[in-house]
Amino acid sequence: MGNVMAIAQSRPRADYEDFLYHEAALLDQWRLEEWFALFAPGATYEVPTMGKARDATPDNALFYVADDYRRLRHRVDRLLKKAAHAEWPRSSHVRMIGNVRVEGADERGTQIACSFVTYRSKNNITDTYIGHTYYTLVDDGGQLKIQSKRVLLGMNSLQPHGKISIIL
Amino acid sequence: MSTGSNPGQATNWIIDDPVAGVFKVNRSAFTSQEVLELERERIFDRAWLYLGHESELLNPNDFLTRSVGGRELIFNRNRKGEFQAFLNTCPHRGAQVVREPTGNAISFKCFYHGWAFNNNGKFATKSPPETYPDSFNCAGDVDLPRVPRLESYRGFYFINYDAGAESLLDFLGGAVDVLDIVSDHSPNGMEIVGGAHEYSIRANWKLLLENSFDGFHAAETHETYFDYLISELGSDVLSDIKTLQEINRAHNFPQGHSFTEARAPWGRPVARSIPTWGEKGKAQEAAMVAELNERVGPERALRIADRDRNAGFFPNLVINDIMAITVRTFYPVQPDLMLVRSWALAPVGEDLEARHRRLNNFLEFLGPGGFATPDDVEALESAQRGYAAAKLAPWNDISRGMLRALPRADDESQMRTFWREWNRRMQGGR
C-alpha cells in the first residue's frame with residue numbers, strides 16, 4: 001500500500017466508467033477471484049439495510065453486508081463452493097451501471113458514485129436489485145483499486161428477493 | 001387419520017404415531033389456499049402474535065406502524081406513557097391514518113378527508129355545526145379501533161385479535177423461560193438495535209418456523225458457514241461440536257412452543273469469547289460472566305453465557321439466542337409466500353466493541369446477506385417447489401428422534417410440538 005496515492009482524480013471520467021464496467025463484467029461472469037483482486041488490501045464492501053444514511057456505520061446500524069477485507073475473502077471463497085446452495089446451481093445476472101459521477105478526491109482516494117440495476121435470474125424467477133453505489137478508488141501503481149464499496153439499495157425491503165446471495 | 005387428496009376435505013393433516021415412532025405432515029398444509037384461510041381464522045385470529053419490543057417506543061407519544069397477522073397496526077404510547085395498539089385504518093373510509101414507520105405525535109390525522117384522533121384513539125375532528133349529529137360517536141364507533149388485546153412480558157408486546165383469548169402468560173406457559181433468559185443478558189435491560197431485516201421467502205410460513213429451530217439441518221445446509229468458522233477458529237471447533245452433543249436438548253411445551261438448547265462453536269456476545277476477539281474481547285466477556293454469576297447465580301449464568309438457544313413460539317415468533325439474538329416474525333401473504341421481519345436484540349448501553357461483535361455476528365449468520373440465511377431461503381423455496389408433486393408424494397417426515405427418551409436439538413420433537421398444536425387449533429380447538 002506504500003505506493004498508493006490519491007492521484008486518481010487526475011483521470012478522465014471514462015477511466016472510472018471503464019473500471020466499473022470491468023468490475024460488473026467480472027461479477028456477471030462469476031470471475032470472483034479476479035473481482036477480489038480489484039480490491040486494495042484493507043478494503044471494505046458494505047450493504048446497509050434500506051433507508052440508512054450514506055455514512056451509517058455497521059457498529060450501531062443493521063447491515064446486510066459489512067465485510068472487511070478478511071471476510072470479503074471468505075465471501076468469495078464461499079461463493080465459489082458448490083455448498084453455497086443459494087448460488088449452486090448458479091444464477092445468472094446482468095448488471096447495468098449509469099449516472100457515473102466523480103464526486104471528488106481527498107487523501108483517502110477518489111469518490112465515485114453510480115446508479116445500478118442488477119437482474120438475478122434463477123429457477124425461472126428474475127429479481128431486480130436497484131440502488132446507488134459509492135466507491136472510494138485509489139491508484140495503486142497505475143492500477144485503480146477499490147478501497148471501499150458501499151451499496152445503498154433503492155428498494156424498501158428485500159421483497160420479493162428474499163436474500164442477497166450474489167455480490168451487488 | 002383421513003387426509004384426502006382434496007385439501008378442502010382434509011380434517012387431519014398429521015399422522016402422529018408415538019408407538020411406531022412415526023410422524024408425518026401432509027404437504028397440502030403448505031400449498032392449499034383453504035388451509036391458509038383456515039389458519040387466518042383459527043390461528044392468526046386467536047393466538048397471541050408478537051407486536052414489538054418496549055425499547056422501540058422509548059418516550060411518551062412515540063409510535064410505530066407495523067403489519068401483524070395481516071393487519072396494519074399503530075403501536076404507540078400516550079402522554080402518560082401507556083402502550084396501546086390500534087388498527088391503522090380510518091373509521092371514516094378506511095385509509096391508513098398513519099403512514100410513517102415511526103414518529104412522535106399527540107394526535108393522528110388521516111390524509112384522505114382529514115379525520116383526526118388523539119393518541120388514545122379518540123375521535124377529535126372539528127366540523128362546522130350540523131355536519132354531524134350531536135350524538136355522533138357517542139358509542140365510540142368512529143374512534144380509532146383498538147386491537148382487542150395487548151399484553152406484554154418483560155418488554156415483549158403481543159396482541160390478540162380474539163377478545164376472549166386466554167392471558168398472554170397462560171399462552172406462553174413455560175416458554176417464558178426463553179424471554180426471561182434473553183432479558184437477563186444485561187443488568188441494564190435489552191433493546192432492539194439498528195433497524196430490521198425485512199425480506200420475503202417464496203415458501204409457506206410454517207417452513208421458516210421449522211427451519212428456525214432445526215438443529216438437524218445446520219451441518220448440511222450451512223456447511224460453508226462452518227467452513228468459515230473452522231478457517232477462523234481452527235479445526236478444534238469440530239471436536240468441540242462432538243463433545244457438545246451431550247448437552248444438546250429440546251424443550252417442548254403443550255401450548256405449541258419449543259426451544260432447543262445446546263452449545264455451538266461460535267462466539268456469543270454475552271458471553272463466550274473466541275480467539276479472534278483477542279485478549280481484550282476475552283477480558284470483556286469474562287467480566288460479563290462474572291457479572292452474570294453475581295446477578296443471576298452460576299446455573300443461570302451458564303445458560304445465558306454458554307448455551308445457545310433456538311426458540312419457536314407458536315405460531316410465528318422465533319427467538320434465536322446464538323451468535324447474536326434475533327427476534328423474527330413472519331406472516332403468509334399466500335400459501336407459497338411469506339414476509340419476514342427480524343430484529344437484533346442487545347443489551348442497553350452495550351460496550352461499543354461488544355456491539356460491533358454482535359452486529360457482525362448477526363449479519364454474518366442470521367441476515368439475508370450473510371453466509372447462512374440465503375441457503376435457508378434456498379432450502380425452503382426448494383421444498384415449496386417440491387410440494388408441486390404433493391398429490392403423488394404427499395407426506396413430510398418429522399419422525400427423527402421420536403422414540404428417544406430425551407429429545408435432542410437435532411431431533412424433530414420441536415416441530416412435532418408445533419404441528420400438534422397447529423393441528424389441534426385447525427380442528428377448531430382454542
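Student: Which domains does the domain assignment of chain B give?

Tutor: Chain B is assigned domain 1 (49-164) and domain 2 (174-426), with bounds that come from an automatic or database domain assignment. Please keep in mind that this is a predicted model, in which local features need pLDDT of at least 70, side-chain atom pairs count only at pLDDT 80 or more, and totals for chains, interfaces and linings use all residues. Residues are numbered from 1 along each chain as its sequence is written, while chains are lettered from A and ligands numbered from 1 in the order in which they are written.

Student: How many residues of domain 1 of chain B are in contact with domain 2 of chain B, and what makes that a contact?

Tutor: Eleven residues of domain 1 of chain B are in contact with twelve of domain 2 of chain B. Two residues are in contact if their C-beta atoms, placed from the backbone, lie within 7 Å. On the domain 1 side, strand β3 (residues 49-53) of chain B brings the largest share, three residues. Strands (E, at least two residues) and helices (H or I, at least four) are DSSP runs, numbered from the N terminus. The centres of these two domains of chain B, taken over C-alpha atoms, are 33 Å apart.

Student: How do you know that β3(B) and β11(B) pair?

Tutor: Two strands pair if DSSP finds at least two bridges between them. β3(B) and strand β11 (residues 156-160) of chain B have four bridges, in the antiparallel sense, so they count as paired. Within this pair, G52(B) stands opposite Y157(B) of β11(B). The open sheet has three strands in the order β3-β11-β10 (chain B), with antiparallel pairing.

Student: Why are β3 and β10 of chain B called edge strands?

Tutor: β3 and β10 (149-153) of chain B each pair on one side only.

Student: What makes a nonpolar core, and which residues touch the most other members of the largest one?

Tutor: A nonpolar core is a set of buried Ala, Val, Leu, Ile, Met, Phe, Trp, Tyr and Cys residues joined through C-beta atoms within 7 Å. The largest one has 128 residues, and L49(B), L51(B), L208(B) and A344(B) touch the most other members. Strand β18 (residues 337-347) of chain B gives the most to this core, six residues. Both domain 1 and domain 2 of chain B supply at least three residues each.

Student: Why is N61(B) called partly exposed?

Tutor: A residue is buried if 20 or more other C-beta atoms, placed from the backbone, lie within 10 Å of its own, exposed if 12 or fewer, and partly exposed in between. N61(B) has 17 C-beta neighbours inside 10 Å, so it counts as partly exposed. N61(B) lies in the loop between β3 and β4 (62-68) of chain B. Its phi is near 75 degrees, a positive value in a residue other than glycine.

Student: And why does R90(A) get the label partly exposed?

Tutor: R90(A) has 13 other C-beta atoms within 10 Å, so it is partly exposed too. R90(A) is in the loop between α3 and β4 (92-106) of chain A. P89(A) lies in that loop of chain A, and a cis peptide bond, with omega about -5 degrees, joins W88(A) to P89(A).

Student: What makes such features stand out?

Tutor: Most residues other than glycine have a negative phi, and most peptide bonds are trans.
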